[in-house]
Structure formats: C-alpha cells, structure tokens
Amino acid sequence: MTATLSNINYWRWREPSGSETPVRQPSLPGDGSLPEPRELSRTELLQEDFLRKPGIHVVFMPNVESGILKMAGSADLCRQLTEKFFLPKFFFERLGWNANGMFGSTSNLLQTDSETSYGTFSRFLSKQVKGKGTESRLNSKNSRSPNPISTPAPEYEYDWHYMAFCTMWRSSLVNHTAGSGQPRMDGSSDETHVLLCFDLDDDITFRLRRLLHKADLRDWNIDPFLMLEYALHIVIEQCEQDLWSFQKPVRDIEKGRGQELFRETGSSDNDKTFEFLVERYSRLHELSRHVIHISESMDATSNNLAAIVRDHNLWMSTSPYSAATTRLSKALLLHENMITNLNFRAKAFVGRMDNEIKCASNFVAVADSNISKGILKQTRNEGKVLSDTVSALTLLFLPGTFISGFFGMNFFTLDQNDHQILQWKAHPKIWIFFVCTIPITILGFFVFMLEFNFLTWIRDMQALIGGIFRRRKTSDVENMDLKGLKSSDRSRKIQRSFGFSRRATSRSMP
C-alpha cells in the first residue's frame, strides 16, 4: 500500500479556553493549499491508543519555556509526556530546552510481543542577525536610572531559532509468536509515525508543512527516521538562512577598512581618533560575539547530524531494510555533509572577524605611533626654540657679564681723593688675573682636543687589532688545510690562491 496525503494528520495543541494561565498557542499560517490542522487536547494526546492510530501524525506543540512550563499542572504534564514518548527527564528542564543541541534514541519502547517501536528526540539551535540597531538594549534598560547613558552604542539585532523534535515509530511484527518477529515489510497500514514539534516559529512551521505536503511518502512505514529526515531538511535550510545573514554585516565591517580608517587614524585630532576607534572596536566585538554564537550552534548541529547518521546505521545493521531505507541513509549523509560545509563558512566568519580585530589593533598601533611622532616633533621644536632663545640671551648678556665680573673683582677700587672726587684705582698686581686665566683657558682647550683625539685613536686601534686578529685566524685555518693536502695539491691550491689574490688586487685598484 502506498501512502498518500490522506495518511498525514496535522494536529495543533490546544489548551482549554478556561485555563487559569493563558499561554501562546502554536499558530499555523498557510497559503490556502495546505490542509487545515485539527485541534488536539491534552487528554487526546496522552490517551493510550494515540500511538496506535495508523498513519502519520504531525503535532505542533507550544514552546517549552513560554508554553508548556507555564500551563496549569505543567509538572504532571511534563512527566506524562516524558513517559508517553520516552523522552529524557531533562527535556522539559532548563538543561534541555536551553541546550545548544542534543540527540538521542531508544528502541522497543512499547514492550509488547506483537510490535516493535523506535523513538528519537533532538534539539537544534540557530542564530540570525537582522541588522544594526541605533541604541543598545543596555541604554534602554537604564532609561529609568538618574543618569542614563545617552551615547548610542552599536548593537546588532538578532533572533534565536529553537527547533526541537520528537519522533515515535511503531510497527507490528511478523511471526511474533515464534520469538523472532521482524517489522512488517509488506506495506500493511497499521504502522504509526508521530512527529512532535516544539518551539517552532510561524515561518519554520509553514515551511515544514509545505515540505510534507509535497513530499513523496511512499514506503513511509518502513524507516523510523523518515519524519526526522524531513525535519532535518528544515533545520539545515534554517541554519543556512541564518548563517548567510552574517554575510552582509561582516562584509560591511571589511569595507569600512578603507580610506576613512586611514584618514581617522592619521588625524591630528586625538579625541576624534579615539572616539572613532572605540566605536569601531565596539562594532567589531559586538558582531564577533554573534559570529562565535553561530559557529557554536553550527558545531552542535553538525555533531547532532553525525549522531543521527550513526544511530541510523546501527538500526540498519540490526533490522531488515529496503531500497527506501538505503535512500534515506544517503539523504542523512547528504544532510551531514551540507551542515559540515556550512560549518566551514561559520568558521570562516570567525576567522574574518579575528582578522579585522587584528587589523584594527594594527591601526591603533599606527595611530599611537603617529601621535608619538607628533609629540616628539613638537618637543623637538620646542627644545630647539628654547635652545636658540637661551643661546641668544647668553650672547646678549655675555659682554655685560664679562664686564661686571671683571670689574667686580678686588683688583679695582673706587676711592675719594683729597678733593672728594671719586677715582677708579687698579691694583698693581692685576697682572695675576691674566697670568692665571690665559694659560688655564689654553690648557683646557688643548685637554679637550686631546681627549677627543685620544678616544678616536683608541677606536681606530681596536678596529686595527680586531682586523689583524681575524686575518691571522683565517690564515691559520688555511695553513691547517694546506698541511693535509699532498704536495701537488698544495702547490695548485697556492697557485689558485695567488691567482685569486692577484685578481682581487687588480679589481680593487683604481
């Protein structure tokens, strides 16, 4: 029997209208061509025979955090769902609904001799960047504070996409009384596929419904991973869409590394340069944070796909499979390959952002160097002006200083004669000043010149001695090499050395 679209039953979770705590119910937008889902209450989902209704059942559940956990009696509901669909206990806890990804599976869940079952649970996470906001959320949170931050900080708006799925597959056994029952492969219609979808937004829900509406569901009852494969198709499509949302912001950052950055970092206005670099660093690190998140979620998704492929191969090794199962296995391998390649693009975004941060750091170093050179040039100019001023003042006051110092000595006196007239008298031994000053000045000049020439002579002698020592060491090595040669070889080596020396001498002469 070939499955048709009538085998798919769409269900939408609906809480009673008189619920004490209203929660957001899953909305299922459509374009008119999709079948309308039926409402499914808590009692109908948890009844004993729901997993034995033949066909495919796709149930759109509320969000875990903002829906199921806020319902009346949520603890009892989570326990019943966990037992009914063999989910781990942490699936409805923070460890589960806030995880960046997970996958697990169990088999032979119903514990009956006449049927076999297989269940899986998985969660995926992806991040999408929408664009750059004009004001940070921190500013909006602090808007009621007495001193709110008024400077707009660059921040990118983003959305997290949570996608969680639970599948349950049941099939009756052939010859179960013989103790070696196998799943039916004859196209019987009593098999059941259940797909529970948690935390899907409206767009993802619509795309999943459209994909299932157009899907080829032949041999739907053979493989327990069939519905999960369709869910993975939507997951990879969403991851690809979210990943490419980072292309434009990263490219805009790279384009900003142009003439404007050179002009700002080369500006003499230090305050303007500082503000520009701080804003660019903020943008770089803000976008880098989101890029690291998408890389992490892509790693987790790739790890989940690898675990799904391993579990499917393990199921194939223990159960009979057909050509449809082989096609599904290859489809899972294709999904794994696609998500791995998308992960390479996420890693490339991380590398490009690291490269931009390093480039910005280099520009900061260049800006610091320009500032330092400007300060050094300004200091040098100021020092030169000060030196010229001091030299000019020294030359200006040098004659006056000499005159006042010379006539201020005790060799000169100003006395009054008998007629009360001031007379300038010089001491008869004033010649002592000249006898002492002139030789000491000449001696100091010659000592300075001698010291300068003496230091130059020491450096010349050191260079000469070093050159002689190096030549002697080289000649000793050549003599040792010549002693180990035969006489004929020695003569040829001497001739070659002599010829080389002659050629070198002739080239060096003008």
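**Group meeting: a walk through one predicted model**

Let's start at phenylalanine 86. With a relative accessibility of 31%, phenylalanine 86 counts as partly exposed. Keep in mind that this is a predicted model.

What is the phi of phenylalanine 86? It is positive, about 55°, although the residue is not a glycine. Phenylalanine 86 sits in the loop between α2 (74-84) and α3 (94-97). That puts the positive phi just after α2. As for α2 itself, its buried residues are Ser74, Leu77, Cys78, Leu81, Thr82 and Lys84.

There is another positive phi to look at. Aspartate 199 has a phi of about 65°, and aspartate 199 is not a glycine either. Find it in the loop between β8 (192-198) and α5 (202-213). Buried or exposed, then, for aspartate 199? Buried: its relative accessibility is 11%, and the cut-off for buried is under 20%.

Now the overall picture. The protein has 510 residues, and 37% of them are buried. It holds twelve helices and ten strands. Take the contacts between residues at least 6 apart in sequence: 75% of these join residues at least 24 apart. The accessible surface comes to about 30,600 Å². Carbon and sulfur atoms account for 57% of that surface.

Next, confidence. Mean pLDDT for the protein is 77. A value of 70 or more is reached by 75% of the residues. Which elements mark the lowest and highest mean pLDDT? Helix α4, residues 137-141, has the lowest, at 36. Helix α6, residues 226-244, has the highest, at 93. Over residues 133-153, pLDDT stays under 50. The model has 19 contacts for that stretch beyond four places in sequence. Residues 175-180 are also below 50, with six contacts in the model beyond near neighbours in sequence.

Some individual positions now. Glutamate 157 lies in strand β6, residues 155-174. Its relative accessibility is 43%, so glutamate 157 counts as partly exposed. Along the chain, glutamate 157 and lysine 130 are 27 residues apart.

Serine 297 is in helix α9, residues 270-318. Serine 297 is buried, because its relative accessible area is 1%. What does serine 297 touch, not counting residues up to four places away in sequence? Leu125 and Ser126.

On to charges. Side chains of opposite charge can pair when their charged atoms come close. How many salt bridges does the structure hold? Twelve. I'll pick out a few.

Take arginine 14 with glutamate 39: their closest N and O atoms are 3.5 Å apart. Arginine 14 lies in the loop between β1 (8-13) and β2 (38-40), and glutamate 39 lies in strand β2, so this pair ties together parts 25 residues apart in sequence. Arginine 14 is partly exposed at 28% relative accessibility. Glutamate 39 is partly exposed too, at 44%.

Now arginine 207 and aspartate 203. Their side chains meet at 3.0 Å, N to O. Both lie in helix α5, four residues apart, about one turn of the helix. Arginine 207 is buried, with a relative accessible area of 7%. Aspartate 203, at 41%, counts as partly exposed.

Back to helix α9 for another pair. Glutamate 286 and arginine 289 meet in a salt bridge at 2.7 Å, N to O. They are three residues apart in α9, which means a separation of about one helical turn. Glutamate 286 is buried, with 14% relative accessible area. Arginine 289 is partly exposed at 31%. There is also a network: salt bridges that share partners join Asp76, Arg79 and Glu83.

Last topic: the record and the surface patch. The UniProt entry is unreviewed; its "transmembrane region" annotation covers residues 390-410 and 430-452. In the model, the end C-alpha atoms of residues 390-410 lie 30 Å apart. That span is 86% helix and 0% strand.

Then the patch. Which residues form this nonpolar patch on the surface? Phe434, Ile438, Ile442, Phe445, Phe446, Phe448 and Met449. Together they have about 720 Å² of accessible area. Methionine 449 is found in helix α11, residues 431-483. At 32% relative accessibility, methionine 449 counts as partly exposed.

That's the tour.

Note on methods:
Residues are numbered from 1 along each chain as its sequence is written. This is a predicted model: local features need pLDDT of at least 70, side-chain atom pairs count only at pLDDT 80 or more; totals for chains, interfaces and linings use all residues. Side-chain values use heavy atoms; hydrogens and water are left out. Helices (H or I, at least four residues) and strands (E, at least two) are DSSP runs, numbered from the N terminus. Buried means under 20% relative accessible area, exposed over 50%, partly exposed in between (1.4 Å probe, protein chains only). UniProt positions are given in the numbering used here, feature names are shortened, and annotations may be inferred rather than shown by experiment. pLDDT is the predictor's confidence in each residue, from 0 to 100. Contact means heavy atoms within 4.5 Å. Accessible areas come from the Shrake-Rupley method with a 1.4 Å probe; for residues, only the protein chains shown count as cover. Patches are made of residues with over 30% relative accessible area and no salt bridge: like charges are joined within 9 Å, nonpolar side chains (Val, Leu, Ile, Met, Phe, Trp, Tyr) within 5 Å. A salt bridge is a side-chain nitrogen of Lys or Arg within 4 Å of a carboxyl oxygen of Asp or Glu.
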